[in-house]
Amino acid sequence: MATIRKSARTTTAAPERPHPDATRRSQRSRQAIYDAALALVGEVGYPKTTIEGIAARAGVGKQTIYRWWSSKAEVLLEAFLDLGEQAVDVQGQDAPYAIPDTGDIAADLKAVLRATVDQLYDPKFEAPSRALAAEGLVNEQLGREFVAKLLEPSLQLHVDRLRAAQAAGQVRPEIDPRIALELFVSPLAQRWLQHTAPVSYAYTDTLVDYALHGLAPR
């Protein structure tokens with residue numbers, strides 16, 4: 001019986017398709033969610049912003065959001081932190097930010113408070129800032145995170161600048177910088193949050209003058 005031999009056939013393997021970059025896809029989804037959360041809070045307000053609305057706006061499934069966060073408050077907090085990091089990247093700041101030290105403590109504090117006024121009324125920052133501050137009053141865990149991640153680092157910059165002023169003999173050595181900074185930071189925050197009166201450069205300049213020079217005649 002004749003043996004039938006199959007002819008050898010060279011098979012060229014099809015080139016493998018590159019696997020999708022899961023990390024990149026995940027980051028795109030996160031950024032879309034951040035952008036959607038910030039946009040919705042600015043457009044409809046925090047109370048009307050929902051996880052479902054954020055998911056629809058971002059083009060992701062609701063389960064994707066719940067895989068990373070447990071509430072819209074957590075989404076907004078992380079989105080706001082990311083917004084701050086983007087602002088730093090745009091400004092090209094390689095070194096950690098510090099309040100400039102020109103040798104004039106009054107001028108330096110006035111400059112940083114004027115910049116704070118600008119940011120407080122920047123449409124990108126104002127709505128999420130107010131929402132997080134308000135939510136933090138009734139949500140203790142979020143409030144603690146808001147203070148630790150957003151407020152405390154900023155307040156520490158004021159502490160550092162006041163300590164430098166103490167070392168230069170411009171501020172009394174016995175004062176507590178952490179308490180002293182509240183003389184000008186806290187009134188600004190209260191007026192802005194509660195709309196008790198207009199906030200302006202003149203107002204923040206006056207806060208610094210009152211805090212540094214006191215009220216009693218000398």
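## Basis

The model is predicted: local features need pLDDT of at least 70, side-chain atom pairs count only at pLDDT 80 or more, and totals for chains, interfaces and linings use all residues. Residues are numbered from 1 along each chain as its sequence is written, and side-chain values use heavy atoms, with hydrogens and water left out.

## Second largest pocket

The second largest pocket has a volume of about 420 Å³. Of its 19 lining residues, Val171, Arg172, Ile175, Ala211 and Leu212 are the closest to the centre. A pocket here is an open set of points on a 1 Å grid over the protein atoms alone, where a 1.4 Å probe fits, with protein on both sides within 12 Å along at least five of seven lines; lining residues have an atom within 4 Å of a point. The volume is the space filled by probe spheres set on the points, which are joined across faces, edges and corners.

Helices α5 (105–120), α8 (177–180), α9 (182–194) and α10 (201–213) each supply at least two lining residues; the largest share, four residues, comes from α10. Helices are DSSP runs (H or I, at least four residues), numbered from the N terminus. By type, the lining has 13 nonpolar, three polar and three charged residues. Asp, Glu, Lys and Arg count as charged, Ala, Val, Leu, Ile, Met, Phe, Trp, Tyr, Cys and Pro as nonpolar, and the others, Gly among them, as polar.

## Ser129

Ser129 is in helix α6 (residues 123–138). Its relative accessibility is 13%, so Ser129 counts as buried (buried is under 20% relative accessible area, exposed over 50%, partly exposed in between; 1.4 Å probe, protein chains only). Not counting residues up to four places away in sequence, Ser129 touches Phe80, Phe146 and Trp192 (contact: heavy atoms within 4.5 Å).

## Aromatic pairs

The whole structure holds three aromatic pairs. The ring centres of Trp68 and Trp69 are 5.6 Å apart and the planes are at 80°, so this pair is edge-to-face. Rings of Phe, Tyr and Trp (its six-membered ring) pair if their centres lie within 6.5 Å; planes under 30 degrees apart count as stacked, over 60 as edge-to-face and the rest as tilted. Trp68 is partly exposed at 23%, whereas Trp69 is buried at 4%.

Phe80 and Phe125 also form an edge-to-face pair, 5.8 Å centre to centre with 80° between the planes. Phe80 lies in helix α4 (residues 72–91) and Phe125 in helix α6, so the pair ties together parts 45 residues apart in sequence. Both Phe80 and Phe125 are buried. Tyr34, Trp68 and Trp69 form one aromatic cluster.

## Charges over rings

The charged end of Lys72 sits over the ring of Tyr46, 4.2 Å from its centre. Arg191 lies over the face of Tyr203, at 3.7 Å from the ring centre. The criterion is NZ of Lys or CZ of Arg within 6 Å of the ring centre and within 35 degrees of the ring normal.
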